[in-house]
Amino acid sequence: MIAATEIQNLDAFIAYLEERKAEFWAGLEEGFTAVGREIRDILRDKWLSGRMADDRGLNIRTGRLHDSIRSRTEIADKEIRSVVFNRGANYWWYNAGNSPNHPNRFPAEDIFLEEGQRRYQDAFESALDRMAA
């Protein structure tokens with residue numbers, strides 16, 4: 001990798017980055033796919049597999065909600081999206097405390113903020129390291 005002190009001109013640095021962009025995108029897709037799966041598994045295994053000591057989490061009755069959580073990563077037009085979503089269990093949002101009479105036993109938004117931000121940042125930095133190797 002070119003050290004910052006070795007950069008003689010901006011054109012050389014841009015050419016260096018251009019040569020390695022495929023490695024960066026491959027690393028980014030790989031990392032974001034892994035993070036999406038990790039968050040999906042946290043939702044399934046921690047929050048949708050029984051109540052915890054603080055009465056949060058959901059007990060499994062049919063397994064439909066647990067099995068409906070999916071993840072997908074897409075790259076198109078220089079844009080990457082890693083999505084964790086629900087497929088086939090429309091009542092999940094109700095269980096996330098979005099009803100005035102229902103406790104928040106499944107804090108999906110908090111999970112994404114707490115777990116996702118750090119993990120996606122790590123995946124991005126890992127892709128940069130891969131590009132530099």
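Helices (H or I, at least four residues) and strands (E, at least two) are DSSP runs, numbered from the N terminus. With that noted, I read the protein along its sequence and wrote down the pattern α-α-α-β-β-α-α. The protein has five helices and two strands.

**Ground rules.** I am looking at a predicted model, in which local features need pLDDT of at least 70, side-chain atom pairs count only at pLDDT 80 or more, and totals for chains, interfaces and linings use all residues. Residues are numbered from 1 along each chain as its sequence is written, and side-chain values use heavy atoms, with hydrogens and water left out.

I looked up the accessible area, which comes from the Shrake-Rupley method with a 1.4 Å probe; for residues, only the protein chains shown count as cover. The protein exposes about 8900 Å², and carbon and sulfur atoms supply 48% of that area. Of the 133 residues in the protein, 32% are buried.

**Core.** A nonpolar core is a set of buried Ala, Val, Leu, Ile, Met, Phe, Trp, Tyr and Cys residues joined through side-chain atoms within 4.5 Å. How many residues does the largest nonpolar core have? I find 19 residues, and Ile39 and Leu43 have the most contacts inside this core. The elements that give two or more residues to it are α2 (21-47) and α5 (108-132). Helix α2 gives the most, with eight residues.

**Aromatic rings.** Rings of Phe, Tyr and Trp (its six-membered ring) pair if their centres lie within 6.5 Å; planes under 30 degrees apart count as stacked, over 60 as edge-to-face and the rest as tilted. I looked up the aromatic pairs and the structure holds three. Phe24 and Trp25 have ring centres 5.9 Å apart and planes at 75°, so this pair is edge-to-face. Phe24 is buried at 12% relative accessible area, whereas Trp25 is partly exposed at 26%. The rings of Phe24 and Phe124 have centres 5.7 Å apart and planes at 90°, so this pair is edge-to-face. The pair links distant parts of the chain, with Phe24 in helix α2 and Phe124 in helix α5, 100 residues apart. Phe124 has 34% relative accessibility and counts as partly exposed. I note that Phe24, Trp25 and Phe124 form one aromatic cluster.

Two strands pair if DSSP finds at least two bridges between them. How many bridges join strand β1 to strand β2? I find eight between β1 (residues 69-76) and β2 (residues 79-86), and the strands run antiparallel. Ala76 has Glu79 in β2 as its bridge partner. The hairpin has two residues between the strands, and Asp77 takes a positive phi near 50° there.

**Contacts.** Contact means heavy atoms within 4.5 Å. Among contacts between residues at least 6 apart in sequence, 58% join residues at least 24 apart. I then looked up Arg40, which lies in helix α2. Is Arg40 buried or exposed? At 18% relative accessibility, Arg40 counts as buried. Leaving aside neighbours within four places in sequence, Arg40 is in contact with Ile69, Arg70, Ser71 and Val84.

**Last entry.** I looked up Leu65 in helix α3 (residues 64-68). Leu65 is buried, with a relative accessible area of 9%.

How values were computed:
Buried < 20%, exposed > 50% of the residue type's maximum accessible area, 1.4 Å probe, protein only.
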